[in-house]
Amino acid sequence: APMPDILERPQTSAERESDALYEIVYGEYRELEPMGALQVVLAFALGTRLDSFARSHKRGVAVTEMLFILDAARDLRRRPDVAFVSYDRWPQPTIPETEAWDVVPGLAVEIISPTNKSREMHTKVREYFAAGVRLVWVFYPDSGDVYTSHRACTILSRNETLDGGDVLPGFQVRIEELYEAATRPE
């Protein structure tokens, strides 16, 4: 059972009865559809590479499916598939034992599943930037979109390289390398 979070509002009975992942969007509880198998592997592959790089360079931590409090006043809590939180955004000495982390990540990653709707994804990208996220990567089945603002997007093909930019300087990974993690070697 998740640890209670004294900073959060009480859960409704429907929330307590479900072990499903959820987000809170302006006070409204929204259960998330499960990710597809391919998307889980892509998220894990990217998350482990980000985390290994960030920790080895003492820059922060990468997490998967962490619920972040993006705007406490408006009760907006989002759960990116992968996120990077730099140490300069991390106020406590350790990650709190709460259901949601009250910190805004520097990088948020969404990996598109068949159940995702494009309008909802555009809304999330805008919300991430409004909350202070500095870089958003959105993966579609054969490409990656790199947003440096809600208005600036670079579309990368699978043979191109993601770059951490000024959010995670020095981090690079070929998009194809992530897909190789989901392909059995011959």
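This is a predicted model: local features need pLDDT of at least 70, side-chain atom pairs count only at pLDDT 80 or more; totals for chains, interfaces and linings use all residues.

Q: What share of the residues counts as buried?
A: Of the 186 residues, 43% count as buried. The accessible surface of the chain comes to about 10200 Å². Carbon and sulfur atoms hold 52% of that surface.

Q: Now charges. What is the general idea, and how many salt bridges are there?
A: Side chains of opposite charge can pair when their charged atoms come close. The cut-off here is 4 Å from a Lys or Arg side-chain nitrogen to an Asp or Glu carboxyl oxygen. By that rule the count is twelve salt bridges.

Q: Which residue forms a salt bridge with E23?
A: The partner is R78, and the closest N and O atoms are 2.6 Å apart. E23 lies in strand 1 (residues 22-25) and R78 in strand 5 (residues 76-78), so the pair ties together parts that are 55 residues apart in sequence.

Q: Is E23 buried or exposed, and what about R78?
A: Buried means under 20% relative accessible area. E23 is at 1%, so E23 counts as buried. R78 is buried too, because its relative accessible area is 2%.

Q: Where do the side chains of R174 and E180 meet, and how exposed are they?
A: They meet in a salt bridge, at 3.3 Å from N to O. R174 counts as partly exposed, at 35% relative accessibility. E180 also counts as partly exposed, at 41%.

Q: Which residues do shared partners join into one network?
A: Salt bridges that share partners link E23, R78, E110, K124 and E127 into one network.

Q: What about D71?
A: D71 forms a salt bridge with R74, with the closest N and O atoms 3.9 Å apart. D71 is partly exposed, at 23% relative accessibility.

Q: Next, the nonpolar side. What is the general idea, and which residues touch the most other members of the largest core?
A: In soluble globular proteins, nonpolar side chains tend to be buried together. The largest nonpolar core here has 27 residues. L46, L50, W137, F139 and L162 touch the most other members.

Q: Which elements give two or more residues to this core?
A: They are helix 2 (37-56), strand 6 (82-86), strand 8 (107-111), strand 9 (135-140) and helix 4 (175-180). Helix 2 gives the most, with seven residues.

Q: What does W137 touch?
A: Leave out residues up to four places away in sequence. The contacts of W137 then include L46, L50, L107, V109, L162 and F171. E110 and D145 are also among them.

Q: Last, D145. Where is its place, and is it buried or exposed?
A: D145 is in strand 10 (residues 143-147). At 8% relative accessibility, D145 counts as buried. Beyond four places in sequence, D145 touches V136, W137, V138, Y140, C153, T154 and I155. D145 and L156 are eleven residues apart in sequence, and their C-alpha atoms are 6.0 Å apart in space.

Notes: Residues are numbered from 1 along each chain as its sequence is written. Side-chain values use heavy atoms; hydrogens and water are left out. Helices (H or I, at least four residues) and strands (E, at least two) are DSSP runs, numbered from the N terminus. Buried means under 20% relative accessible area, exposed over 50%, partly exposed in between (1.4 Å probe, protein chains only). A nonpolar core is a set of buried Ala, Val, Leu, Ile, Met, Phe, Trp, Tyr and Cys residues joined through side-chain atoms within 4.5 Å. Contact means heavy atoms within 4.5 Å. Accessible areas come from the Shrake-Rupley method with a 1.4 Å probe; for residues, only the protein chains shown count as cover.
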